[in-house]
Amino acid sequence: MVETARPTPTETVAPAMTVPRREPRGYSVRTLPGFAAMAIFTFVGLYAPILILVTYSFNAGSSLAIWEGFSLRWYYQAAANEAVQDAAIRSLYLAFCAASIATVAATMAALATTRTRRFPGKTMIYSLINQPLMIPEIVTAVALLIVFAAIKVWTGHTSMIYLIAAHTAFCVPFAYLPIRARLETMDTTLETAAQDLYASRWLTFRRVTLPLMWPGIVAGLMLAFVISLDDVVITEFVKSAGQETIPTYMLGQLRRVVTPEVNAISTVILMAGVILVALFFRLTSRRR
Amino acid sequence: MSKQAETPFPPGALEREAEIADTRNRWLLSLPAIVIIVCAAAGPLLVMVVYSFLTPGDYGNVKWEFSLDGWTNTIVQRDIFDDTLIWADAHLSIFWRSFSLSLITTILTLIIGVPTAWFVATQPPGRREFWLFLVTVPFWTNLLVRTIAVQELIRSEGVINLILLKIGIIDAPIQMMFTDFAIGFGMTYVYLPLMVLPVYAAVDKLDFRLVEAAHDLYAGRWTAFRRVILPLIKPGIIAGSILVFVPCLGAYVTPRVLGGGKNLMFGNLIELQFGAGRNWPLGAALSLMLMTAVMVALIFYVRITSREQADG
């Protein structure tokens, strides 16, 4: 009994067994001449510009081509720049508000449109939610400019509310998709069981549905947060005077002499984005 | 849902009532999302339709007088001297640049993207996820940051010129920024993952026994690729092409940063009407034109992908 319960011997044998099963080295229908070389070229091409950008953010000199030694000078300078601080706080505040509201709305909509029969208007709700993904951003941006300009003139009110509304709208589909995907992997048996055990609908939702769909909600929130943080076009057209976010600030800076300060800010955004996306992938792929 | 089997009501009445209540609840639950999108995305598009039929105001905005000029000005303009209608050459050349650069970008991403997708899909399963992740990361990182990365690469004092000067291939830096080349290069770089991902999905589903069969029947690698593989991954290629073509057509940030003030694309022409151009109705009409073009391409895309799903 003890002997058979120990899995170690078979485990050590297993890798050796797989060797003969590999395809013969000489000829494989899976290799096509030149394709691997092209692919390597692609990966180098994809990452080289980003690596160069990151490298020069650490340049001691103010050049973007001549390396003058390692320094964190531009990071300090960016962090001390009041315009950058201001824009960074605004970006985070905006992304936080828009992503949270969008995620709540998207969670409700996802609960309503999944795990159900075909009810009247289901397709309509679905296509409406995905509508911001279909329209070029510049078109939505100028449409919002038209409407919000009229409202701003009419009410004289120019707060962040316009930016929050605009960002929330395009964040909804991004929050909706992972939540919906998560819900579609859940069937209703556990909820039915809870209700059979006299749980109220609210209690069922709170104790059964919500914990099960939670990874989807967190993934949706993170995705919406990244999308809001990255947005340039809609922000550029909707913002009132003095409402720069980090991306619009950088877009404005590009018109002047570019220093590695832009690279430093870019690198921070890049890192934040990569970390959030890596977390997002972990959350969405664990149950596969 | 309802389990009342023995009731005094006519059969099916309770179920129908429950169904109606269920539909109402689902609509109510979706309401916040619907309201947000109607107010801050879909609704303004309808307002824009109205604005495209108004007269431009003197300092931007509009006067509430009906006019078709917004629409006619998209392709023709009135001559300042003798009031005759002439083609709006500036607009037509921008339309042409948008279309041709989008097409070139699509072809370039095809040439680069298909081998890349093939390479990733034919990796052993363990390593495949890693390569796939490498393709996906740039896709999710900030578009502006990636455009800036391209800008720093191709500037006159940029790395490419620096290397070429060092080697001695050129004597003076090549002016690459603010050209159509810069826009095409930038868009190819920025939108490449949109080509690789759908083609990868198609290659991943490919039944390699069919390729083996082709080889057994004395097809060379090239013939097998052309006659067997290409037809099988065609849906992925078409999907990827549309996914690249559509954002290129509506691109705004990349042409603005890399193309500068002279090499405008459709998106920049629209912006111009709301800025220095002060012609909001024309801008609205141009936006609706762009939206229509994109919608046509996307409907095509949905039809292809749904047919593919129906097939298997």
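Figure 1. A:N263 is found in helix α13 of chain A, shown here in a predicted model. Is A:N263 buried or exposed? A:N263 is buried, because 27 other C-beta atoms lie within 10 Å, and the cut-off for a buried residue is 20 or more. Once neighbours within four places in sequence are left aside, the residues in contact with A:N263 are A:L53, A:Y56, A:S57 and A:W74. A:W74 stands 189 residues from A:N263 along the chain, yet their C-alpha atoms are separated by 8.3 Å.

**Figure 2. Helix α13 of chain A against helix α12 of chain A.** Helix α12 covers residues 246-253 and helix α13 covers residues 260-285. The two axes come within 11 Å and cross at roughly 155°. Because angles over 145 degrees count as roughly antiparallel, α12(A) is described as roughly antiparallel to α13(A). The crossing in which α12(A) passes α13(A) is left-handed. On the α12(A) side the contact is made by A:I246, A:M250 and A:Q253, and on the α13(A) side by A:V262, A:I265 and A:I269. Sorted by class, the residues of this contact comprise five nonpolar, one polar and no charged.

**Figure 3. Helix α13 of chain A against helix α10 of chain A.** Here α10(A) packs on α13(A) with the axes 9 Å apart and an angle of about 155° between them. That angle makes α10(A) roughly antiparallel to α13(A). The crossing of this pair is left-handed. Which residues of α10(A) meet α13(A)? They are A:P215, A:V218, A:A219, A:M222, A:L223, A:F225 and A:V226. Facing them in α13(A) are A:G273, A:L276, A:V277, A:L279, A:F280, A:L283 and A:T284. The contact of α10(A) with α13(A) holds twelve nonpolar residues, two polar residues and no charged ones.

**Figure 4. Domain 1 and domain 2 of chain A.** The domain assignment divides chain A into domain 1, residues 2-57, and domain 2, residues 81-285. The C-alpha centres of domain 1 and domain 2 of chain A are 36 Å apart. How many residues of each domain take part in the contact? Five residues of domain 1 of chain A are in contact with six residues of domain 2 of chain A. The side of domain 1 that touches domain 2 has four nonpolar residues, one polar residue and no charged residues.

**Figure 5. The contact of chain A with chain B.** Chain A gives 68 residues to this contact and chain B gives 69 residues. At least two residues of the chain A side come from each of α3 (35-57), α5 (82-113), α6 (122-134), α7 (137-155), α8 (161-184), α10 (201-230), α12 and α13 of chain A. The side of chain A that touches chain B is made up of 56 nonpolar, nine polar and three charged residues.

**Figure 6. The helices of chain A.** Chain A contains 13 helices and zero strands. Of its 288 residues, 40% count as buried. Among the contacts in chain A with a separation of 6 or more, 77% are between residues 24 or more positions apart.

Note on methods
Residues numbered from 1 in each chain as written. Chains lettered and ligands numbered in written order. Predicted model: local features only at pLDDT ≥ 70, side-chain atom pairs only at ≥ 80, totals over all residues. Domains from an automatic or database assignment. Contact = placed C-beta atoms within 7 Å. Nonpolar A, V, L, I, M, F, W, Y, C, P; charged D, E, K, R; others polar. Axes fitted to C-alpha atoms, helices over the stretch in contact; angles between N-to-C directions. Helix = DSSP H or I, 4+ residues; strand = E, 2+ residues; numbered from the N terminus. Parallel < 35°, antiparallel > 145°, perpendicular 65-115°, else oblique. Left-handed = near helix turned anticlockwise from the far one by under 90°. Buried ≥ 20, exposed ≤ 12 C-beta atoms within 10 Å, placed from the backbone.
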